[in-house]
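Me: I would like to learn how to read a few structural features from a model. Please give me the general idea each time, then the case at hand.

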Amino acid sequence: MVSKVLLKVLSGPIKGKVFEFSRHDAFILGRGKDCHAKLEKDTRVSRHHFLLEVNPPVAILRDLGSLNGTYVNGVRHGGRRRASADAGAPPTQDFQVRLNNGDRIVVGRTQVLVRIYPASLRAAAQQNVERPDCDAGAAKRLYTPTTAEANLEERPVVVGKAAPPAHGKAEAVAAEKQAKNAERVPPQVAAGEIGGIRNLIQQAVGRYRDKDGTIEVDGYKLEKLVGRGGMGSVYRARRVTDDFPVAVKVMVPKVGASDKSRHRFLKEIDVIRELNHPNITTLIESGVTGKAFYFVFDYCNGGSLADLVFRRGGKLSSKAFYPIMLQCLAGLEHAHQRGFVHRDLKPGNILLHQQGTGWLAKVADFGLAKQFEQAGFSGMTLTGAFGGTYDFMPREQLTDFKNTKPVSDVWSLGATFYRALTGTSPREYPNGRDPMGVVLQERAVPIRDRDPSVPPALAAVLDKALAYDAEDRFQNASEMYQAFKGLSS
């Protein structure tokens, strides 16, 4: 038996519909045609009203800056100030709420009943990362319906009650800002910080040796923390047997994971070894140790594209950057032709290796984010607001969360190039707007509006890669690569 989350529509235009989730997914309710639950004729419902992220048995609802707010058990969450017609006005209340079994959501004329069925109470306790003290008894109280819940479908909901002061909103906004800034500063840290992560390693990794100020994990001596993100940390390391330099990525599941699910995930990741290309990092070894997964890749001595942009003052000239763009596209083309989708392309995942006076670019972390999310190990990647990836997220990553295609990688890589050339994001993020709403609704600003020095032919290619509708873009890296190659002829 697997954990499930069910939404049953009790009233409104789509009364009787049931939506079921048994794996990590995103669900959008609103009047927009791209919403999963469409309420086109209810004027009290916004175009994209709320987002529900589900990683069964956990479900988090996020109001997307709707005009009238979203009510959960009669308490309002989100919504813009009624006194202002400004679409950019800030939300009035806490915009995000974790759902429990039996909760009822009210939007306009629509009422939705939430049912949560954990695979087991023990599994539910392990999955509750936001409640670290949650045991089987606490899980039973969370997920077992009470006698009063037997008549939930007939009981009226009273709405209009204001939510209490948002205890988590400031922290959520700060986390988003910090994650966003993470892409604008070099991710390297001083070698001395290796001591600062010793406790984390000890908690996450089972087989390790701590000697003379160094940490050894399964035959690899960690020397320096060189990158940290929402899904893991990367260390420069050396293989103990021959002192060969490598990069070791350590990923710790944010939810409970069984031995069976861990080995299934590693089996899925092992196919990445088929990607043999000079512009893709090579997966040398992978495994599970203690609670953590580790992945060993070839080491790139030039850091990431994010580092290079930082060192060059915030952006690169098109002439200097053009060879790197071609190499990135060559690597991505190789992967797309073999059926692989990256899903998490951004400047931090483009690594550079010094070759004479130039750079060899390599696309890193192929498939890790996608498989980690699909396995359910990543926790809540959207409502959790980590990674600072809004800038590089195509809209269909929200509207079709489970089925990312090569055309989505095209948008993300286009956004990565845009950032490197201009130092800015393709989209505008007005004050008070939920970044998820921006991802869903806003088009990329034409790159020459940001920086007129970008050559018109290059700008035309990037603007096409960043088209709002997927069908208007290059459909894969091969098409985009051919367009870039044509610029040099």
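Me: What should the 17 residues of helix H10 span, and how far apart are its end C-alpha atoms?

Reply: Bear in mind that this is a predicted model. Counting 1.5 Å a residue, helix H10 (residues 406-422) should span 24 Å, and its end C-alpha atoms are 24 Å apart, so the two agree.

Me: Is H10 enclosed or open to the outside?

Reply: A residue is called buried when its relative accessible area is under 20%. In H10, 16 of the 17 residues are buried, so the helix is largely enclosed by the rest of the structure. Just after H10, Gly423 has a positive phi of about 80°.

Me: Now the strands. How do I read a sheet, and in what order do the six strands of the open sheet come?

Reply: The strands of a sheet pair through backbone hydrogen bonds, and this can be parallel or antiparallel. Here the order is E2-E1-E11-E10-E7-E8, with antiparallel pairing. Strand E2 (18-21) and strand E8 (75-77) are the edge strands, each pairing on one side only. On average, neighbouring strands of this sheet are turned by 25° against each other, direction ignored.

Me: How many bridges join E7 and E8?

Reply: Three bridges join strand E7 (residues 70-72) to E8, in the antiparallel sense.

Me: Which strands does E16 pair with?

Reply: Strand E15 (residues 232-239) pairs with E16 in the antiparallel sense over six bridges. E16 is also joined by six bridges to strand E18 (residues 292-298), again antiparallel. As for facing residues, Arg238 is opposite Pro245 in E16, and Lys249 is opposite Phe295 in E18.

Me: Is E16 mostly covered or mostly open?

Reply: In a regular strand the side chains alternate between the two faces of the sheet. Strand E16 (residues 245-251) is mostly covered, with six of its seven residues buried.

Me: What is found in the hairpin of E15 and E16?

Reply: Five residues lie between the strands, and Asp243 takes a positive phi near 65° in this hairpin. The side chain of Asp243 also meets that of Arg238 in a salt bridge, at 4.0 Å from N to O. Asp243 counts as partly exposed because its relative accessibility is 45%; Arg238, at 26%, counts as partly exposed too.

Me: Which residues are linked with Arg238 and Asp243 in a network of salt bridges?

Reply: Glu223 and Arg236 belong to that network together with Arg238 and Asp243.

Me: How many salt bridges does the structure hold?

Reply: The cut-off is a side-chain nitrogen of Lys or Arg within 4 Å of a carboxyl oxygen of Asp or Glu. The structure holds 19 salt bridges. One of them joins Lys4 and Glu20, whose closest N and O atoms are 3.8 Å apart. This pair links distant parts of the chain: Lys4 is in strand E1 (residues 4-11) and Glu20 in strand E2, 16 residues apart. Lys4 has 27% relative accessibility and therefore counts as partly exposed.

Methods. Residues numbered from 1 in each chain as written. Predicted model: local features only at pLDDT ≥ 70, side-chain atom pairs only at ≥ 80, totals over all residues. Heavy atoms only, no water. Buried < 20%, exposed > 50% of the residue type's maximum accessible area, 1.4 Å probe, protein only. Helix = DSSP H or I, 4+ residues; strand = E, 2+ residues; numbered from the N terminus. Pairing = 2+ DSSP bridges. Axes fitted to C-alpha atoms, helices over the stretch in contact; angles between N-to-C directions. Expected span 1.5 Å × (residues − 1).
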